[in-house]
Amino acid sequence: MLRKIIRFPHPVLKKKAKAVKRVTTEIVRLIDDMIETMQKAPGVGLAAPQVGESIRVIVADIGTGAIAVINPKIIKKSGKQCLNEGCLSLPGVEAPVERAAHVIVTGLDRTGKKATIEAKELLATILQHEVDHLEGLVLVDRVSDPSLIKHVPPASEKKEELI
Ligand code: NI
């Protein structure tokens, strides 16, 4: 089921999301809905607060199949990269954000099993961007120089920039 994407500056996007205690059928349904909503948008990543659920669930899809991480934790960061980012909750906004080039993320998969994801390049940026959403941060909070924030017509949104 498609969910409504919450737009900045809605308060849910500024709140620290709560950990998932148990992977229930509701959580699995939320993951399915988030993947459907992300793909329809289209986008390459989505965090639960963006659909109004202040819990620690993220999804991503860089074209190699959707992944979901429950209670994601970045346990290792290395290197630096600066990609131009967008966000489904901030339509028409783009900015270059410096983040780690390589991350290792742990958490649970949709079956409740422990999972470790090693990511670089675009997926590394997406995972950091989505974990930020769980902390109540959006990409503009990560931009050192506000003059780098670009406002582009939403019609020109590109898939890889919307996370
Ligand atoms: Ni986002």
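The following exercises, each with a worked solution, concern the predicted model shown above.

Residues are numbered from 1 along each chain as its sequence is written, and side-chain values use heavy atoms, with hydrogens and water left out. Because the model is predicted, local features need pLDDT of at least 70 and side-chain atom pairs count only at pLDDT 80 or more, while totals for chains, interfaces and linings use all residues.

**Exercise 1. Fold and dimensions**

Determine the secondary-structure pattern of the protein and state whether its radius of gyration agrees or disagrees with that of a compact globule.

Solution. 
Step 1. Helices (H or I, at least four residues) and strands (E, at least two) are taken as DSSP runs and numbered from the N terminus. The protein contains two helices and eight strands.
Step 2. Along the sequence these elements follow the order α-β-β-β-β-β-β-β-α-β.
Step 3. The radius of gyration is taken over C-alpha atoms, and the globule rule is 2.2 Å times the number of residues to the power 0.38. For 163 residues a compact globule would have a value near 15 Å; the protein has 14 Å, which agrees.
Step 4. Along the principal axes, the C-alpha atoms fill a box of roughly 45 × 35 × 30 Å.

**Exercise 2. Surface, contacts and charge**

Solution. 
Step 1. Residues are classed by relative accessible area: buried is under 20%, exposed is over 50%, and partly exposed is in between (1.4 Å probe, protein chains only).
Step 2. A contact means heavy atoms within 4.5 Å.

**Exercise 3. Cysteines**

Solution. 
Step 1. A disulfide is a pair of cysteine sulfur atoms within 2.5 Å.
Step 2. Cys82 is in no disulfide, and the nearest cysteine sulfur, that of Cys87, is 16 Å away.

**Exercise 4. Residues of helix α2**

Characterise Glu121, Leu122 and Ala124 in helix α2.

Solution. 
Step 1. Glu121 is found in helix α2. Its phi is near 50°, a positive value in a residue other than glycine. With 51% relative accessibility, Glu121 counts as exposed.
Step 2. Leu122 also belongs to helix α2, which covers residues 121-134. Its relative accessible area is 26%, so Leu122 is partly exposed. Leu122 and Arg142 are 20 residues apart in sequence, and their C-alpha atoms are 17 Å apart in space.
Step 3. Ala124, with a relative accessible area of 0%, is buried. Not counting residues up to four places away in sequence, Ala124 touches Gln81, Ala100, Ala101, His102, Val103 and Ala119. For Ala124 and Ala100, 24 residues apart in sequence, the C-alpha separation is 7.2 Å.

**Exercise 5. Backbone features and a loop glycine**

Solution. 
Step 1. The Phe8 to Pro9 bond is cis, with omega near 5°; Pro9 lies in the segment before α1 (25-40).
Step 2. The bond joining Ala41 and Pro42 is cis, with omega about -5°; Pro42 is placed in the loop between α1 and β1 (45-47).
Step 3. Asn71 lies in strand β3 (residues 67-78). Its phi is near 50°, positive in a residue other than glycine, and at 22% relative accessible area Asn71 is partly exposed.
Step 4. Gly79 lies in the loop between β3 and β4 (81-85). Leaving aside neighbours within four places in sequence, Gly79 is in contact with Arg99, Ala100 and Ala101. The C-alpha atoms of Gly79 and Val152, 73 residues apart along the chain, are separated by 29 Å.
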